[in-house]
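Please open the structure in the viewer and keep the selection tool at hand.

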Amino acid sequence: MATKRRDPPLYTLTAGSIAGAIEATITYPTEFVKTQLQLQEGSKGAARKGVPAPKGPIDILVSTVRAHGITSVYRGLSAMVIGNTAKAGVRFFAFDQYKQLLKDSEGKTTGFRSVLAGLGAGMTEALLVVTPSETIKTKLIHDGNSPNPQYRGLVHGVRSIVNAEGLGGIYRGVVPVMARQGANSAVRFGVYSSLSDILKARMAPGSQLPAAYTFGIGAIAGIVTVYTTMPLDVVKTKMQGLNARQLYSGVFDCCVKVFKNEGILSFWNGATPRLARLSMSGGIVFSIYESTMSVLRQFDNAV
């Protein structure tokens, strides 16, 4: 029986990076709205301070476009695209490497092993890429709410953050980010691999899943991921806001204050736009990744 040829690491890195860049650009407005929802005061906190009640996702989108124009919902996009490109490349590359390490005696990575590989990939991407890119993105979006924004763009924003807080300033919320990314990848890759294996078992040996199937499986994986990891995402955003150093002494303090001031349901603030983004992004990322890998394999065979 012929041994399946392993894809070169450069291919998984390239395909993942391309998929990440395209996905970030298409879905960014939903990320912008989600971050705004998580940064605003909850209903309880707003009532105590006498400020307007929290806005919903549609209200935030419409009011932002009316006040600042359509381009305002893309504030922080450059940080997100750069981060997502590197994140997706690292994610698929790391996942492939962990899969190789976790193969069973038959050379397969199924079930719990896929979840472990996804967990490892998520923790790796969080440490190397996600924390700094998401901290910068969150601060740029939060700063845009100020009457007099202090950041004039990505480069100026990064320089200002580092000058004011040191390199640690772009690593705010690293613990919840690592927890979220690890859980994200464990759930997403676990669900995707399981559903993919089920469908492939019904197909002819060696055949590829149609793009519509990979999009559908990726979307389902994204939906499951949202509701299982949402509290980690909310805490992460709170820890990366402009005033986080003054408001929270650490992750546990942040969790306690959010619970006391805003209630348990506030840990799912932004679930709707995040669901919209991850259900789309799961389909987009996996479809583009698989399509790019197919092109690279064909090129490899031709050479």
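Begin by selecting Lys137, which at 0% relative accessibility counts as buried (under 20% relative accessible area, where exposed is over 50% and partly exposed lies in between; 1.4 Å probe, protein chains only). This is a predicted model, in which local features need pLDDT of at least 70 and side-chain atom pairs count only at pLDDT 80 or more, while totals for chains, interfaces and linings use all residues. Residues are numbered from 1 along each chain as its sequence is written, and side-chain values use heavy atoms, with hydrogens and water left out.

**Salt bridges**

Glu31 lies in helix 1 and Lys137 in helix 5, so the pair ties together parts that are 106 residues apart in sequence. Helices here are DSSP runs (H or I, at least four residues; strands are E, at least two), numbered from the N terminus. Glu31 is itself buried, with a relative accessible area of 3%.

Next, select Lys34, whose side chain meets that of Glu31 in a salt bridge (3.2 Å, N to O). Lys34 and Glu31 are 3 residues apart in helix 1, and therefore separated by about one helical turn. Lys34 counts as buried, at 1% relative accessibility.

Now turn to Arg172, which forms a salt bridge with Glu165, the closest N and O atoms being 3.1 Å apart. At 25% relative accessibility, Arg172 counts as partly exposed. To view a network of salt bridges that share partners, select Glu23, Glu31, Lys34, Glu134, Lys137, Arg180, Asp233, Lys236 and Arg277 together. The count of salt bridges comes to 16 by the rule given above.

**Nonpolar cores**

Select Phe92, Phe95, Phe189, Tyr192, Phe286, Tyr289 and Met293: these have the most contacts inside the largest nonpolar core, which has 19 residues. Such a core is a set of buried Ala, Val, Leu, Ile, Met, Phe, Trp, Tyr and Cys residues joined through side-chain atoms within 4.5 Å. Among the helices that each supply at least two of its residues are helix 1 (9–39), helix 5 (112–144) and helix 11 (271–302). Helix 11 gives the largest share, 5 residues.

Focus on Met293, which touches Asp7, Tyr11, Thr12 and Ala15 (contact means heavy atoms within 4.5 Å); residues up to four places away in sequence are not counted. A second, separate core of 12 residues includes Ala21, Ala24, Val33 and Met80.

**A loop residue**

Select Ser72, placed in the loop between helix 3 (57–68) and helix 4. Ser72 counts as buried at 14% relative accessibility. Leaving aside neighbours within four places in sequence, Ser72 is in contact with Phe32, Thr64 and Val65.

**The whole chain**

Finally, zoom out. Which elements does the protein chain contain, and how many helices and strands are there? There are 11 helices and 0 strands. The C-alpha trace spans about 70 × 35 × 35 Å along its principal axes. Buried residues make up 48% of the 303 residues in the protein chain. Of the contacts between residues at least 6 apart in sequence, 79% join residues at least 24 apart.

Definitions and conventions: A salt bridge is a side-chain nitrogen of Lys or Arg within 4 Å of a carboxyl oxygen of Asp or Glu.
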